[in-house]
Amino acid sequence: LTLEKSSQINQKVEQKPITEKEFKKIEAIEFENIYKDRVIDTIQKLLKQNLSSIPIMFDEHRGQESFLIVPEADAFVDYASNVHIREFTTTINYQLRKGGEYTKENQLNRLTMIAEVVKRLLFDNRNYESGNITNWYGGIVSSVEYTRDEEDETISNVIITFQCNTNEVIS
């Protein structure tokens, strides 16, 4: 495989922007964006209500501290007559940028405190309803990982993995 051939193949594989005609077909399909509307938006709402001073991002961390919410997986679990049961996995990454040493009194205390608050929020809302709609049920924090940036030692992260189930009615 030559470099020129490889380049030609890559050009053929590149995604073309969606056309207006294709977009209109998508608009005609009735669906609910369950992952965003029921899961991601609810996580954002819980964080805003309880940790309002920390910005919530969806693309990259900004500032001294922030949350980054990242959708990870949407898995089919089971189905009933007109319901799909789906499991969603979402990463909530809290990043703290500090100067000085990584000590118990400053960064370590803040990281562990934020992790504990988020874990408690998600536990207290493991079955979340809004009005008469069940946003999710069976929510669990499946892991919490503490990391420190290898290139910039002033940056530390808590990576919380949250999994929950939803019922998607298919009509």
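A: In this predicted model, the largest nonpolar core has 27 residues. Those that touch the most other members are Ile 43, Leu 47, Phe 67, Ile 92, Tyr 94, Val 118 and Trp 136. Five elements each supply at least two residues of this core: helices H3 (34-50) and H4 (104-124), and strands E2 (65-79), E3 (83-97) and E6 (155-169). H3 gives the most, with 7 residues.

Take Phe 67 as an example. Leaving aside neighbours within four places in sequence, Phe 67 is in contact with Leu 47, Ile 92, Tyr 94 and Val 118, among others. The list also includes Leu 51, Ile 54, Pro 55, Ile 56 and Met 57. His 61, Asn 93 and Ile 114 are on it too.

Now set the core in its chain. There are 4 helices and 6 strands. Along the sequence they follow the pattern α-α-α-β-β-β-α-β-β-β. Of the 171 residues, 32% are buried. Among contacts with a separation of 6 or more, 59% join residues 24 or more positions apart.

H3 and E6 turn up again elsewhere. Each gives two or more residues to the lining of the largest pocket. By type, the lining residues divide into 4 nonpolar, 2 polar and 4 charged.

Conventions: Residues numbered from 1 in each chain as written. Predicted model: local features only at pLDDT ≥ 70, side-chain atom pairs only at ≥ 80, totals over all residues. Heavy atoms only, no water. Buried < 20%, exposed > 50% of the residue type's maximum accessible area, 1.4 Å probe, protein only. Contact = heavy atoms within 4.5 Å. Core = buried A, V, L, I, M, F, W, Y, C linked by side-chain atoms within 4.5 Å. Nonpolar A, V, L, I, M, F, W, Y, C, P; charged D, E, K, R; others polar.
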